[in-house]
Amino acid sequence: MKVFIAVAICKILYFIGSRVGRGSSLSGQIAMKVCPGALKRLKLPKTVIAVTGSNGKTSTVEFIARALEAGGMSVGWNYEGSNQIEGVATLLLRTSSLRGKVRRDALVLECDERYAKAIFGAVKPTVLVVTNLCRDQLTRNGHHEFIFDRILSAIEAAGYGAAKGKAAGGGAAEGEVADDGAAEGEVVGGGVTLVLNADDPYVAAFAGKEGGIKSGNRVVWFGVGRGALCPNPSAGDALCPNPSAGDALCSNLSTGDALCCNPSTGDALCCNPSTGDALCCNPSADDAICPDPLTGGDVAPIYDDGAFCPVCKGRMAYGYRIAGHYGDFACCACGHSHHKLDIEVTALDLLTGEIALDAWAATEEGRPGARPSVRNGVKTRLRLPSVPGAYNLAAAIAAVAAAGLGAGDAARALDGFELEGGRTVRFSAGGSEGVLLISKHENSMSYNQSMAWIVGQRKPCTVIVMVDSISRKYYTSETSWLWDVDFDILGDGCVQNVVLAGRYFNELMARFAMSAVDLGKCSFVGDIAELRGCVAGCGAGPVYAITCFADKAKLLKAFE
Ligand SMILES: [Zn+2]
């Protein structure tokens with residue numbers, strides 16, 4: 001009876017709310033107040049995929065929903081972006097029959113990383129994707145190690161882990177996902193299938209013993225391979241050493257050698273660890289071998305969240321880095337290290353968006369455990385090519401494969417797909433083409449990746465950086481995060497002008513004064529209404545704007 005009342009209340013309030021344009025989570029919130037516990041009594045579909053993490057949740061959820069729908073499934077997902085318990089409750093209750101059966105073949109739930117515990121307490125996913133953990137929303141989230149603990153406690157509180165069934169990996173050979181003959185969509189071992197970013201040492205720790213998760217959860221690993229960002233993919237190994245050659249570049253991990261390097265190959269291939277160069281690259285061949293796409297390779301990062309192991313706090317070594325602390329990491333003390341990828345982005349063309357993937361965990365037929373399809377066998381295109389986009393796509397394909405469907409089918413369904421909640425908006429900037437790259441304030445990784453994309457276009461351009469409201473969720477005037485952002489990236493010669501705008505333009509000025517950007521290129525605009533006039537004097541070339549959701553409308557209005 002309680003379920004009936006909760007569903008009825010939610011449906012009525014949702015109907016009224018949609019007519020008057022009210023928020024997406026209020027109806028579920030009220031229904032839960034009237035009938036607490038109703039969510040736990042709902043009959044859920046066999047496939048419930050939850051997505052959490054710092055960045056990329058919305059895009060990943062949309063990719064997954066699209067791929068499942070293309071496979072003929074009806075999908076319920078919180079596309080309205082309400083990712084806390086109230087939003088999830090609204091979705092579940094409004095898509096349920098009055099008897100409490102959710103009338104969808106699959107649910108795909110974006111879950112706020114702080115409130116995942118509350119959500120999983122009521123709704124247990126069969127597949128849980130963790131996209132990444134990085135510095136984000138300092139005021140609200142603090143450090144991402146705090147968020148790690150929150151997600152970990154969410155997983156444990158939800159009672160995952162196998163009281164019965166197999167241990168993680170199930171004895172499968174390395175690189176395989178345990179094939180226990182489970183029926184399509186069936187959860188293995190009574191636990192959840194974890195879809196984890198193998199390149200992120202924090203996320204990877206969810207699978208380890210030291211990470212605290214009980215055994216019994218399957219893990220599907222996704223990530224971006226070393227060669228994927230090769231400047232000239234056709235030149236292949238000349239620019240990016242063959243990862244299979246492996247130990248020439250780094251680490252004899254079995255010896256726990258903190259100094260990196262396989263002694264058998266001679267230290268000549270590894271630099272002096274005391275300089276910090278040991279983590280990558282043959283110094284004699286110049287850092288061009290494996291540049292860090294964010295920093296250009298030879299510039300020390302502003303901060304390094306990958307310097308120490310999240311499990312034991314030991315010194316971490318990297319074979320290579322894809323971005324920030326994502327890469328081929330290995331702790332010299334406890335052995336926490338990069339796992340072989342099940343869904344691997346093997347090539348990414350940042351101009352055309354073409355992507356190739358290896359699918360080791362799932363074949364075209366979607367049978368987990370089979371050996372891989374042909375190398376680069378899964379091809380697709382990103383509508384707006386970027387490294388974060390490649391991670392989101394790989395996460396989505398991994399999640400779909402983990403749910404028992406074909407990775408190849410998912411890739412085909414996502415070919416050229418344009419995300420509804422896309423992070424890029426085109427606008428007219430006077431006589432120039434304008435591109436708004438929505439980047440999260442308080443999130444240096446998001447800013448860095450947007451700037452890397454801009455300089456990657458290799459066009460003479462103007463860049464607007466606007467900080468007016470720091471968050472749309474809460475008020476804060478805290479701007480220390482600006483000092484985590486690597487604005488040196490805009491020191492690239494293709495950036496002709498930089499316009500710093502918004503209420504916090506003074507803070508931006510102070511930050512840019514300490515960057516590699518020539519202040520002679522910079523203009524400062526406190527009143528957003530003057531932005532258009534300021535940019536008009538900047539000359540030809542595209543105008544790239546970096547700002548957050550909170551400031552998106554204000555920026556676009558200035559150019560109307
Ligand atoms: Zn460690």
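This is a predicted model: local features need pLDDT of at least 70, side-chain atom pairs count only at pLDDT 80 or more; totals for chains, interfaces and linings use all residues.
Residues are numbered from 1 along each chain as its sequence is written.

First, the overall picture. The protein chain has 560 residues, of which 51% count as buried. It holds 14 helices and 17 strands, where helices (H or I, at least four residues) and strands (E, at least two) are DSSP runs numbered from the N terminus. Contacts here require C-beta atoms, placed from the backbone, to lie within 7 Å, and among contacts between residues at least 6 apart in sequence, 72% join residues at least 24 apart.

Helix α4, residues 85-94, and helix α2, residues 26-34, have axes that come within 7 Å and cross at roughly 85°; the axes are lines fitted to C-alpha atoms, for helices over the stretch in contact, and angles run from 0 to 180 degrees between N-to-C directions. The two helices are therefore roughly perpendicular, a term that covers 65 to 115 degrees, whereas under 35 is roughly parallel, over 145 roughly antiparallel and the rest oblique. On the α2 side the contact is made by Ser27, Gly28, Gln29, Ala31 and Met32, and on the α4 side by Glu86, Gly87, Ala89, Thr90, Leu93 and Arg94. By class these are four nonpolar, five polar and two charged residues, counting Ala, Val, Leu, Ile, Met, Phe, Trp, Tyr, Cys and Pro as nonpolar, Asp, Glu, Lys and Arg as charged, and the others, Gly among them, as polar.

Helix α4 also meets α1, residues 2-20, with axes that come within 8 Å and cross at roughly 105°, which makes α1 roughly perpendicular to α4. Here Ala6, Val7, Cys10, Lys11 and Tyr14 of α1 meet Thr90, Leu93 and Arg94 of α4, and the contact has five nonpolar, one polar and two charged residues.

Let me turn to a sheet. Six strands form an open, mixed sheet in the order β12-β13-β17-β14-β15-β16, where two strands pair if DSSP finds at least two bridges between them. Its edge strands, each pairing on one side only, are β12 (424-429) and β16 (522-525), and neighbouring strands are turned by 20° against each other on average, direction ignored. β12 and β13 pair in the antiparallel sense over six bridges, and Thr424 has Leu437 in β13 as its bridge partner. Helix α11 lies across β13, β14, β15 and β17, running at about 175° to β17, while α12, residues 505-513, touches β14, β15 and β16, its direction making about 140° with that of β15.

Conventions
Two residues are in contact if their C-beta atoms, placed from the backbone, lie within 7 Å. A residue is buried if 20 or more other C-beta atoms lie within 10 Å of its own, exposed if 12 or fewer, and partly exposed in between; C-beta atoms are placed from the backbone.
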